[in-house]
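Me: I'd like to learn how to read helix packing, charge pairs and pockets in a model. Can you walk me through it?

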Amino acid sequence: MTKDTMIGVDLAKNVFQLHAASMTGQPKFRKKLSRQGFAKFMAEQPPAVVVMEACGSAHYWAREMVRLGHEVKLIAAQYVKPFVKRQKNDAADAEAIVVAAQRPEMRFVEPKSAEQQSRAILFRARERLVHQRTELVNALRACLYEYGHAVPQGVHHIKRIAEILDAPGSDLPDLMREECAELLEQIAEQTARIDTRTAKIKALAAQTDTARRLQTIPGVGPLTALAVEAFAPPMESFKCGRDFAAWLGLVPRQFSSGGKERLGRISKAGQSDIRRLLIIGAMSRLNWLGRKSIPEASWLARMVARKPRMLVAIALANKMARTIWALLTKDEDYRVPAQAVAA
């Protein structure tokens, strides 16, 4: 059934602004509705193309609109902003959403399923706990530094801190020790919560064939596999692996003009969680233990011999992203290049 109406929705917590237009851009109606009124109104509308900004609750409403028979498109907020006319308000935003969505070259965001969102919440919960634990460790290090004890960064130095606090004959005041002991208890509690969520992530990564296939790539573990499942759109939406690497922000930022190509550092314009984990995985392959698995005379070995370590890690992360795209689009496991050639 051909849909002849496009409805732009400016989402909010309580008041929703709608702007409807024909596929040629002719305005049809504007409405301001409550949260309950919006759901009821859209249920009574004939099937239409519903466009929303990819913001909070957008994926929930996308699933609801699909259930009502509408076609849903999500658009990034930064792509809508150039189409807002003069003063910014809800009505102008809703109109700008429709105008932006009708551009033939516009890019859209793939709606997420409820399972994807729940995995993303689990992933972000673990990240939040790690940040909170880091804050507590740094606070504990700062307390000891005030009394002349310089402890290196890292949670793995907690035992050293405990030894300093429990050392016999120490000149540390009792009140200070009590406060530091409470910080140690909080760090232990956060560590237990982190371990619980890490175990849950590993269990989820072991349940799906997609995550299992991703973990066959060197440098990709359960966290990276779950992040790809939770945050990445279907790989079929990218034409090639280079497009997926560009979506992650692992390509150079361009300052080209007048036919002269100028490339800078990586753009960092994409999904930060997957990009960070891929770089961490690449760095793990470049440490003293990981280098033992690098075949001699390979492109990675040649890069390590002549390029800075961080630059090689970015290049390897880019290659890992392209490998992820290839594995998921072809439904294959990772094969070592030398073995692939021999086969």
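**Helices, a charge pair and a pocket**

Reply: In this model, the axes of α5 and helix α11 (residues 272-286) come within 12 Å and cross at roughly 65 degrees. Axes are lines fitted to C-alpha atoms, for helices over the stretch in contact, with angles from 0 to 180 degrees between N-to-C directions. Helices are DSSP runs (H or I, at least four residues), numbered from the N terminus. The model is predicted: local features need pLDDT of at least 70, side-chain atom pairs count only at pLDDT 80 or more, and totals for chains, interfaces and linings use all residues. Residues are numbered from 1 along each chain as its sequence is written, and side-chain values use heavy atoms, leaving out hydrogens and water.

Me: Which residues in α5 and α11 meet?

Reply: Two packed helices are described by the angle and the distance between their axes. Here Phe123, Arg124 and Glu127 in α5 meet Asp273, Arg276 and Leu277 in α11 (contact means heavy atoms within 4.5 Å).

Me: With what does Glu127 form a salt bridge?

Reply: Side chains of opposite charge can pair when their charged atoms come close. Glu127 pairs with Arg276, the closest N and O atoms being 2.9 Å apart (a salt bridge is a side-chain nitrogen of Lys or Arg within 4 Å of a carboxyl oxygen of Asp or Glu). The pair links distant parts of the chain, 149 residues apart. The structure holds 15 salt bridges.

Me: How many residues line the largest pocket?

Reply: Rolling a probe the size of a water molecule over the atoms shows where empty space is left. The largest pocket is lined by 32 residues, and α5 gives the largest share, four residues. A pocket is an open set of points on a 1 Å grid over the protein atoms alone, where a 1.4 Å probe fits, with protein on both sides within 12 Å along at least five of seven lines; lining residues have an atom within 4 Å of a point.

Note on methods
Helices (H or I, at least four residues) and strands (E, at least two) are DSSP runs, numbered from the N terminus.
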